[in-house]
Amino acid sequence: KPRPKGPIKGPLGPVRPRPQPAPQVPEQPGVAVELLSTKGSMVLDINPSWAPLGAQRFLDLVDSGYYTDIAVYRAVPNFLVQFGVSNSPEMQAFTRIADDPLIGKPVVKGAVCFAASGANTRRCTICIFLGDYSSVLGKNPWETPIGMLRESYFPVLDSLYTGYGDIPQCNGGGPCPFKLEQQGNDYIRAEFPQIDFIRSA
């Protein structure tokens, strides 16, 4: 028997319901932290739901008074500012912490992250980004942001001195973090007098 032209009619198959997106878990409220710099105040919103271990470490450092008279020793135009290296004995008391899982928070202008050299190396040093680096950073667990600088404080962030460039380990003319750790702020004030400081947090 010849096959009829056109589609073959038959019973419809079962109708499958469209998958519904997973419910969004509401974020925990952030913890506001004020950094008083030599150029003015900046307020960070630290969010434990983004990175529980990193957020807790940063808040512990703040509560301990660690970020008192701390040099913004790495300040690269259009990239980042970085602070947290000290010759204080307190620095030795804060050991490395484990990484937090990535949850997709992008590294954009104002993102607050720990500086790290690889897996499970976050300690005391903080970066605040001066631009959008979501296409190249934030892919590794140790790069996940712990919070954001409030946008209204971007002018203060942008006013921090970046004229010395990157650290020598990245082919720049700025301060060496190893010398800073050994010699303290005397090294900064003697050789890099325009560098800004975090006075307190």
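Modeller: Helices here are DSSP runs of H or I with at least four residues, strands are runs of E with at least two, and both are numbered from the N terminus. By that count the protein has five helices and nine strands. Two notes on reading them: this is a predicted model, in which local features need pLDDT of at least 70 and side-chain atom pairs count only at pLDDT 80 or more, while totals for chains, interfaces and linings use all residues. Residues are numbered from 1 along each chain as its sequence is written, and side-chain values use heavy atoms, with hydrogens and water left out.

Colleague: In what order do the elements of the protein run from the N terminus on?

Modeller: They go β-β-α-β-β-β-α-β-β-β-α-α-α-β.

Colleague: What makes asparagine 185 buried?

Modeller: Its relative accessible area is 18%. Buried means under 20%, exposed over 50%, and partly exposed in between, with a 1.4 Å probe and protein chains only, so at 18% asparagine 185 counts as buried. Across the 201 residues of the protein, 42% are in that class.

Colleague: Where is asparagine 185 found, and what does it touch?

Modeller: It belongs to helix α5, residues 185–191. Leaving out residues up to four places away in sequence, asparagine 185 touches Asp69, Ala71, Leu180 and Phe197, a contact being heavy atoms within 4.5 Å.

Colleague: How do you know that aspartate 69 and asparagine 185 make a polar contact?

Modeller: The backbone oxygen of aspartate 69 is 2.8 Å from a polar atom of the asparagine 185 side chain. A polar contact is a pair of N or O atoms within 3.5 Å; within protein, one must be able to donate a hydrogen and the other to accept it, and sequence neighbours count only if both atoms are side-chain atoms. The 2.8 Å distance is therefore inside the cut-off.

Colleague: Why is aspartate 69 called partly exposed?

Modeller: Its relative accessible area is 28%, so it falls in the in-between class. Aspartate 69 is in the loop between α1 and β3 (70–71) and has a positive phi of about 55 degrees although it is not a glycine.

Colleague: And what makes asparagine 78 exposed?

Modeller: A relative accessible area of 61%, which means it is over the 50% mark. Asparagine 78 is another non-glycine with a positive phi, near 60 degrees, and is found in the loop between β4 (74–76) and β5.

Colleague: How do you know that α1 has close to its expected reach?

Modeller: The expected span is 1.5 Å times one less than the number of residues. With 13 residues, α1 reaches 18 Å from first C-alpha to last, close to the 18 Å expected. Just after α1, glycine 65 takes a positive phi of about 85 degrees.

Colleague: Which residues of α1 are buried, and what covers them?

Modeller: Gly54, Ala55, Arg57, Phe58, Leu59, Leu61 and Val62 are buried, and their cover includes β1, β2, β6 and β7.

Colleague: What makes a set of residues a nonpolar core?

Modeller: They must be buried Ala, Val, Leu, Ile, Met, Phe, Trp, Tyr or Cys, joined through side-chain atoms within 4.5 Å. The largest such core has 33 residues, with Ile46, Phe58, Tyr67, Phe83, Ile126 and Ile128 making the most contacts inside it. Elements supplying at least two residues each include β1 (31–37), β2 (40–46), α1 (52–64) and α3 (154–159); α1 gives the most, with five. Apart from this core lies another of eleven residues, among them Ala71, Tyr187, Phe192 and Phe197.

Colleague: Why is one space called a cavity and another a pocket?

Modeller: On a 1 Å grid over the protein atoms alone, a cavity is a set of points where a 1.4 Å probe fits but cannot get out, whereas a pocket is an open set with protein on both sides within 12 Å along at least five of seven lines; lining residues have an atom within 4 Å of a point. Grid points are joined across faces, edges and corners, and volume is the space filled by probe spheres set on them. There is one cavity of 30 Å³ or more; the largest has about 40 Å³, with Tyr73, Tyr161 and Pro175 among the residues lining it. The largest pocket holds about 760 Å³. Of its 29 lining residues, Gln82, Ala115, Ala116, Ser117 and Thr125 are the closest to its centre, and α4 (177–183) gives the most to the lining, with three residues.
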